[in-house]
Amino acid sequence: LRMDDGTLCRPQPRYTTLWADDLYMSVPFLARMGKLTGDSRYFDDAIKQVENFNKYLYDPMTGLFFHNYYTDVQMNGVGHWGRANGWLAVAQTELLNNLPENHPKRAELIRLLLRQIVGFSRYQDQSGLWHQLLDKPDAYLETSVTGMFTYAVARAVNQGWINPKYITIAREGWKGLATKVTAKGELEDVCIGTNMEEDIKFYYTRPKELNDSHGLGAFLLAGTEMLKYERNAKPEKK
């Protein structure tokens, strides 16, 4: 479904609910179609989604994004859920990965990604990980969002989109992820698939599983970009 302004949404849990998750479910596909076909309409739609999701879901009070927006009451939901914010970061990164270098909206898209990076960096735990609810220190530390954030930051640095000093965020994230890998090479503390509810406890109490697929891909993406950075990094001057 689409809202009246073209923003992609779902018919549930309430009719025309905007899910942060869906920026990732749409934008990477649209961006790749634009690159493969050369048809600018795919890029236009992808960029519109990024701009509109930022309009509806960004919370300037925290620098984070809400999980959802209910169009029936024109109001956001209750939680700054970690993985929803991760989907947004990866989706914007994938758009920039495919967007032509000379595209007139490129600078704006980089600015929006950097705004998100600065926002979520304020909530990074000293372990390097992020919480299931990003702004709730009593929520458990969760690996899928940490993988997504680490990937987005490291990719943005590696591609020269943002100042290289931001790599410290990704480096700490990777250190945190490393503590969640078992001796058998399995990834711990991945939140399972998640719907949305009106009470914040729903997010606090979502089960976490070992090796859940929501975390594995993000972990591999993060590791790949960190490896690229470390291989290409120049020795720091002392």
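Trainee: At roughly what angle do the axes of helix α1 and helix α2 cross?

Mentor: This is a predicted model, so local features need pLDDT of at least 70 and side-chain atom pairs count only at pLDDT 80 or more, while totals for chains, interfaces and linings use all residues. Residues are numbered from 1 along each chain as its sequence is written, and side-chain values use heavy atoms, with hydrogens and water left out. Helices (H or I, at least four residues) and strands (E, at least two) are DSSP runs numbered from the N terminus; axes are lines fitted to C-alpha atoms, for helices over the stretch in contact, and angles run from 0 to 180 degrees between N-to-C directions. The axes of α1 (residues 22-37) and α2 (residues 40-57) come within 7 Å, and they cross at roughly 155°.

Trainee: Is α1 roughly parallel or roughly antiparallel to α2?

Mentor: Angles under 35 degrees count as roughly parallel, over 145 as roughly antiparallel, 65 to 115 as roughly perpendicular and the rest as oblique. That makes this pair roughly antiparallel.

Trainee: And which handedness does the crossing of α1 and α2 have?

Mentor: Look at who touches whom (contact means heavy atoms within 4.5 Å): Val27, Leu30 and Ala31 are among the α1 residues involved, and Phe43, Ala46 and Val50 are among those of α2. A crossing is left-handed if the near helix is turned anticlockwise from the far one by less than a right angle, and right-handed if clockwise. The crossing of α1 and α2 is left-handed.

Trainee: How far apart are the axes of α3 and α4?

Mentor: Helix α3 spans residues 82-98 and helix α4 residues 106-121, and they pack at an angle of about 150°. That makes α3 roughly antiparallel to α4. Leu88, Leu95 and Leu96 are among the α3 contact residues, facing a set from α4 that includes Leu109, Leu113 and Phe120. The axes of α3 and α4 are separated by 10 Å.

Trainee: Which residues have the most contacts inside the largest nonpolar core?

Mentor: A nonpolar core is a set of buried Ala, Val, Leu, Ile, Met, Phe, Trp, Tyr and Cys residues joined through side-chain atoms within 4.5 Å, and buried means under 20% relative accessible area, exposed over 50%, partly exposed in between (1.4 Å probe, protein chains only). In soluble globular proteins, nonpolar side chains tend to be buried together. Here the largest core has 58 residues, and those with the most contacts inside it are Leu57, Leu95, Ile117 and Phe120.

Trainee: Which residue's side chain is joined to that of His67 by a polar contact?

Mentor: His67 is found in the loop between β3 (64-65) and β4 (68-70), and at 0% relative accessibility it counts as buried. A polar contact is a pair of N or O atoms within 3.5 Å; within protein, one must be able to donate a hydrogen and the other to accept it, and residues adjacent in sequence count only if both atoms are side-chain atoms. At 2.9 Å, the side-chain partner of His67 is Asp21.

Trainee: Which residue does a cis peptide bond join to Gln12?

Mentor: Most residues other than glycine have a negative phi, and most peptide bonds are trans. This bond has omega of about 0°, and the partner of Gln12 is Pro13.

Trainee: What is the phi of Thr16?

Mentor: Thr16 lies in the segment before β1 and counts as buried at 14% relative accessibility. It isn't a glycine, yet its phi is positive, at about 55°.

Trainee: What value is the phi of Asn211 near?

Mentor: Asn211 sits in the loop between β9 (208-209) and α8 (213-232), and at 29% relative accessibility it counts as partly exposed. Its phi is also positive in a residue other than glycine, near 65°.

Trainee: What distance separates the C-alpha atoms of Met226 and Ile167?

Mentor: Met226 lies in helix α8 and is buried, with a relative accessible area of 4%. Its contacts, not counting residues up to four places away in sequence, include Thr150, Ala154 and Ile167. Met226 and Ile167 are 59 residues apart along the chain, with their C-alpha atoms separated by 9.0 Å.
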